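Happy to walk through this one with you.

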Amino acid sequence: MMKLSEFFENVPDIEIRSLMADSRKRRPDSIFFCIKGMASDGHRFVEQAIENGARAIVYSEDLPLMHDDIVYIKVDDVTAAFNAVADKFYGYPSHKLEMYGVTGTNGKSSIACIIRDILNPVKPTGYIGTISIEYGSVKLPPLLTTPNIDDLHGILGDMVDAGMKACALEASSIGIEQGRVSAIDFDVAVFTNLTHDHLDYHGTMEKYFLAKKRLFDSLKPEAVAITNVDDAYGLRMVQDAPCRRVTYGIHNKADYQVVSYQLMKDRTKITLKVRDREYEIETNLVARFNIYNLVAAIAALHEKGMPIEDMLEQIRHLSQIAGRMERVDEGQPFNIIVDFAHTPDGIEQVCDFASHITPKENRIIALTGSAGRRDTEKRPVFGEILDKYCDMIILTEDDPRDEQAMDICHEIASGIKDTNYIIVEDRYDAIRQAVEIADRGDTIILLGKGDERFIYREYGREPYDGDDAIARQAVHKYWLHDEK
């Protein structure tokens, strides 16, 4: 609990017990911030906020009605004010943690989780992102990829109270654009890559790039900016960063240079050159894109002082990242891989790995859909990529929202020219059919949902068992209990 006068000048000494940006939530003795979001403007909901406990209103545009018993504080930038207040209200938590921020189209979850796994045994580390919120013995369902300002600072405050010393945070382009991380004191920021995604929000690739770039432009001088030099946007991303800049890559010269690598079905071997020294690294991570993810995490930790020698044993046995190149192995004689891939680049990377581990006489069976009301232009591109790599394609639902799953599937199918495909609208049935038609040695790739336990429909979120669980059930039904 704090006084309003601790945040603003020339205001009464009223007690503040909470912060509010969502006027629908009950927040007694709170400050309400009139944030402008993607679909709504907080200035329209001041009366509702007051009914739900707001005692002070922070606003930037004229309000039609003002109450004598409410404190009104006009500012130029409500988001900036919200960041400053939330940071102070929760005790400046990000300043007390070693903060790792990861941004890019693909790889955010994997890199953040790898950083957490390697660092946690020596420095208790939390994680915030698409998969979950985790610290110590606490594991909570995710909010947004990058939570809203109040939630984010509150979670970081809880981490500090729980004894965490570091945190790996996924920073989405929308989260950066909306100022959700503007008050976070990052020590390291990592850029993964930039490919087609979120253009329904940003409009163009250049605006998408500029949203990501804001994170690096705002770093403190003592921070480290780490970028993928093999990505077309990699060097531009950090060119104005006011701090030390470090590169990693496979194909282009980099500070953390992959000299050679060997991909296998269940592990990867890497020779990594760091400036003038080489390291032989073996990991249970698979696929070429995970080499980038691993090296980015190594660079982030090494630049903060952790010797690479101290990471090697952890790297050999990293925990499975839920829904990210997750292998479903119930003893069936073929591969099943579940991955969150929902961008053209992400899908191509998974398909490329499948082509490496699948014998030429066997098939790659792909299952995917595309989210409703999200970046519709990429749907035919999905079809083109799957057509290039796969032998059988099953198109199905993936968060259709208020679109018809069949219509979305036909848009994906417009990019398929040569490969046989079927449309099975119900995702449960689609996964069961993929498992049922598989032969020994084949590879099934289940794309788009990853570890998610819900499907967005027209009426909201509906519980969903998960691609991995459904695949396991199907394996037991069609392969382990019945002769085939």
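Helices (H or I, at least four residues) and strands (E, at least two) are DSSP runs, numbered from the N terminus. This is a predicted model, where local features need pLDDT of at least 70, side-chain atom pairs count only at pLDDT 80 or more, and totals for chains, interfaces and linings use all residues. Residues are numbered from 1 along each chain as its sequence is written, and side-chain values use heavy atoms, with hydrogens and water left out.

Q: Which helix holds tryptophan 479?
A: Helices are read here as DSSP runs. The run covering residues 467-480 includes tryptophan 479, and that run is helix H16.

Q: Is tryptophan 479 buried or exposed?
A: Buried means under 20% relative accessible area, exposed over 50%, and partly exposed in between (1.4 Å probe, protein chains only). Tryptophan 479 has 11% relative accessibility, so it counts as buried.

Q: Which residue's backbone oxygen lies 3.1 Å from a polar atom of the tryptophan 479 side chain?
A: A polar contact is a pair of N or O atoms within 3.5 Å; within protein, one must be able to donate a hydrogen and the other to accept it, and residues adjacent in sequence count only if both atoms are side-chain atoms. The backbone oxygen at 3.1 Å from the tryptophan 479 side chain belongs to valine 435.

Q: How far does H16 reach from its first C-alpha to its last?
A: The expected span is 1.5 Å times one less than the number of residues. H16 has 14 residues, with 20 Å expected, and its reach is close to that, at 18 Å.
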